[in-house]
Amino acid sequence: MIIDRFRADGKVALVTGGTRGIGLGIARALAEAGADVIVSARTDPGGTEELRAEGHKVEYRPCDVTQPGAIDALVAGVARDRGRLDILVNNAGVAMHGPTEDFSDERYRGLMAVNLDSVYFACRAAIRPMRAQGGGVILNIGSISGHISNVPQIQTAYNASKAAVHMLTKSLASDLAKDNIRVNAIAPGYIMTDMTAGGFEIPEWAEVWTDMTPMRRAGTVEEIATAALLLCTDASSYMTGSVVVIDGGYTTR
């Protein structure tokens, strides 16, 4: 049956930044589909217990993705302990705003360490175990900011980091297709999470964001998670190298 292609029974999935927001929503979707889910983040504000209370099999593993070797150790540990790694979701990310001329080296490096470097290192670490087991799926969380220059806030470094994630996705997809490893990305628009809540509390920002979105609202975590489930399961078995935009029509304007 077609619906069975959205199942993830017996699959081992690792979700970085998976204890809140979009990452938690994706972890929930994968768990509901039957996957053995490991979520990772610097801290767990309660997301793991929330999923367990819902009856899902979920493990939390702390990881500071800005620390050298931390990502390698995380991915290798999951693959070793579970005997395989079928799904990797690179969701960990931070947003920083500010004029480029005032954006310090420290802030720039901190942003890139999370948004780009950790994604690259996690993908790199996942290749060998996925290749050895005959395939796997990698899903990177990019942003519409990798396609457009946001207004009214200034966020040049953030935009650059997400554009790089999109090209990383496409390059890896091309390189790894022969190994039955599919690599795709989601580019969310403005989704109501802790990360965007502060922006929506600034009236002039919220007004522009809403006016530029044809659907006239922010998206929900669930609307991203359902697309993630598609891209992480056999339902998307002929998709690789795609950057799926989910933005209420924002980038049509």
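Student: Which residue in β2 stands opposite Val-12?

Tutor: Asp-36 is the residue opposite Val-12. Before going on, note that this is a predicted model: local features need pLDDT of at least 70 and side-chain atom pairs count only at pLDDT 80 or more, while totals for chains, interfaces and linings use all residues. Residues are numbered from 1 along each chain as its sequence is written, and side-chain values use heavy atoms, with hydrogens and water left out.

Student: In which sense do β1 and β2 pair, and over how many bridges?

Tutor: Strands are DSSP runs of E with at least two residues, helices are runs of H or I with at least four, and both are numbered from the N terminus. Two strands pair if DSSP finds at least two bridges between them. Here β1 and β2 (residues 36-41) pair in the parallel sense over five bridges.

Student: What is the strand order of the sheet?

Tutor: The order is β3-β2-β1-β4-β5-β6-β7, an open sheet of seven strands with parallel pairing. At the edges are β3 (58-62) and β7 (243-246), each of which pairs on one side only. On average, neighbouring strands of this sheet are turned by 20° against each other, direction ignored. For another pair, take β4 (residues 87-90) and β5, which pair in the parallel sense over four bridges; Asn-90 has Asn-140 in β5 as its bridge partner.

Student: Back to β1: how many of its residues are buried?

Tutor: In a regular strand the side chains alternate between the two faces of the sheet. Buried means under 20% relative accessible area, exposed over 50% and partly exposed in between, with a 1.4 Å probe and protein chains only. Five of the five residues of β1 (residues 12-16) are buried, so β1 is largely enclosed by the rest of the structure. Both faces are covered: Val-12, Leu-14 and Thr-16 lie on one side, Ala-13 and Val-15 on the other.

Student: Now the helices. At what angle do α3 and α4 pack?

Tutor: Two packed helices are described by the angle between their axes and the distance between the axes. Axes are lines fitted to C-alpha atoms, for helices over the stretch in contact, and angles between N-to-C directions run from 0 to 180 degrees. For α3 (residues 70-82) and α4 (residues 105-133) the angle is about 30°, with the axes 9 Å apart.

Student: Which residues of α3 make the contact with α4?

Tutor: Contact means heavy atoms within 4.5 Å. From α3 come Ile-71, Asp-72, Val-75 and Ala-79, and the α4 side includes Ser-118, Phe-121 and Pro-129. The residues divide into eight nonpolar, one polar and two charged. Ala, Val, Leu, Ile, Met, Phe, Trp, Tyr, Cys and Pro count as nonpolar, Asp, Glu, Lys and Arg as charged, and the others, Gly among them, as polar.

Student: Is Pro-129 buried or partly exposed?

Tutor: Pro-129, found in helix α4, counts as partly exposed at 22% relative accessibility.

Student: How do α4 and α5 pack?

Tutor: Their angle is about 15° and their axes are 9 Å apart; α4 and α5 are therefore roughly parallel to each other. The crossing of α4 and α5 is right-handed. Their contact has 16 nonpolar, two polar and two charged residues.

Student: And what is the angle between α1 and α8?

Tutor: About 50°, for α1 (residues 21-32) and α8 (residues 221-232), with axes 8 Å apart. That makes α1 oblique to α8. The crossing of α1 and α8 is right-handed. Among the residues that meet are Gly-21, Ile-22 and Gly-25 in α1 and Val-221, Ile-224 and Ala-225 in α8. By class, the contact of α1 with α8 has 10 nonpolar, two polar and no charged residues.

Student: Last, the backbone. Where is the cis peptide bond?

Tutor: Most residues other than glycine have a negative phi, and most peptide bonds are trans. The bond from Val-151 to Pro-152 is cis, with omega near 0°, and Pro-152 sits in the loop between β5 (136-141) and α5 (156-176). Phi is positive, near 65°, at Asn-180, in the loop between α5 and β6 (181-188). Arg-216 also has a positive phi, near 60°; Arg-216 is in the loop between α7 (203-211) and α8 and is partly exposed, with a relative accessible area of 49%.

Notes:
Parallel < 35°, antiparallel > 145°, perpendicular 65-115°, else oblique. Left-handed = near helix turned anticlockwise from the far one by under 90°.
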